[in-house]
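Subject: Structure handover

Hi,

Here is the structure I promised to pass on to you.

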Amino acid sequence: MVDYLILVISIFLAVVGQLLMKQGMLQFGRFPITKLLVNIIPMFLNPWVFIGLMAFGIGSVFWLAVLSRLPLSLAYPMVSLAYVVVAFASIFLFGEQVSLIRWIGILVICAGVYLISRT
């Protein structure tokens, strides 16, 4: 049971990290990829991006604990639940639109995770 709790914490921190980084980049604004090196330090100095990276990094430490406890063939597909949570959070936090085809994809992910968890 503890193994799965660690997995959930890892996934949760990855989701939180992604959402925080998205918020930071919404504030930072769009830039051409050719300006990445020029913008990298200001991006990291954005508090949302910085905290998001920290959350993602801490989640990675929990992920290492997961890798030491669960089979990779079971644990890694569970990470796809982050896609589901991010889709819902993106609707509520950022007002993003999710198309029918994406909803179908989310259902397929959920079905796949369910099947994998049953084995």
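Let's start with the core. Among the 15 residues of the largest nonpolar core, the ones that touch the most other members are L7, I11, V66, L70 and M78. A nonpolar core here is a set of buried Ala, Val, Leu, Ile, Met, Phe, Trp, Tyr and Cys residues joined through side-chain atoms within 4.5 Å. Buried means under 20% relative accessible area, exposed means over 50%, and partly exposed is in between (1.4 Å probe, protein chains only). Two or more residues of this core come from each of helix 1, helix 3 (47–69), helix 4 (72–78) and helix 5, and helix 1 gives the most, with five residues. If you set aside its neighbours within four places in sequence, V66 is in contact with I6, L7 and A75; contact means heavy atoms within 4.5 Å.

Before going on, keep in mind that this is a predicted model, where local features need pLDDT of at least 70 and side-chain atom pairs count only at pLDDT 80 or more, while totals for chains, interfaces and linings use all residues. Residues are numbered from 1 along each chain as its sequence is written, and side-chain values use heavy atoms, with hydrogens and water left out.

Now the overall picture. The chain has six helices and zero strands; these are DSSP runs numbered from the N terminus (helices: H or I, at least four residues; strands: E, at least two). Of its 119 residues, 29% count as buried, and the C-alpha trace spans about 50 × 35 × 25 Å along its principal axes. Take the contacts with a separation of 6 or more: 73% of them are between residues 24 or more positions apart.

Next, how do helix 1 (residues 2–28) and helix 5 pack? Their axes are 10 Å apart, at an angle of about 35°. Axes are lines fitted to C-alpha atoms, for helices over the stretch in contact, and angles run from 0 to 180 degrees between N-to-C directions. On the helix 1 side, the contact is made by I11, V15, L19, K22, Q23 and L26, and on the helix 5 side by A82, V85, V86, A89, S90, L93 and F94. By class, that contact has ten nonpolar, two polar and one charged residues. Ala, Val, Leu, Ile, Met, Phe, Trp, Tyr, Cys and Pro count as nonpolar, Asp, Glu, Lys and Arg as charged, and the others, Gly among them, as polar.

Helix 5 also packs against helix 6, at an angle of about 145° and with the axes 9 Å apart. This crossing is left-handed. Here L81, Y83, V84, A87, F88 and I91 of helix 5 meet W103, I106, I109, C110 and V113 of helix 6, which makes eleven nonpolar, no polar and no charged residues.

One last thing to look up is N39, in helix 2 (residues 36–45). Is N39 buried or exposed? With 15% relative accessibility, N39 counts as buried. Leaving aside neighbours within four places in sequence, N39 is in contact with F28 and F31.

Note on methods:
A crossing is left-handed if the near helix is turned anticlockwise from the far one by less than a right angle, and right-handed if clockwise.
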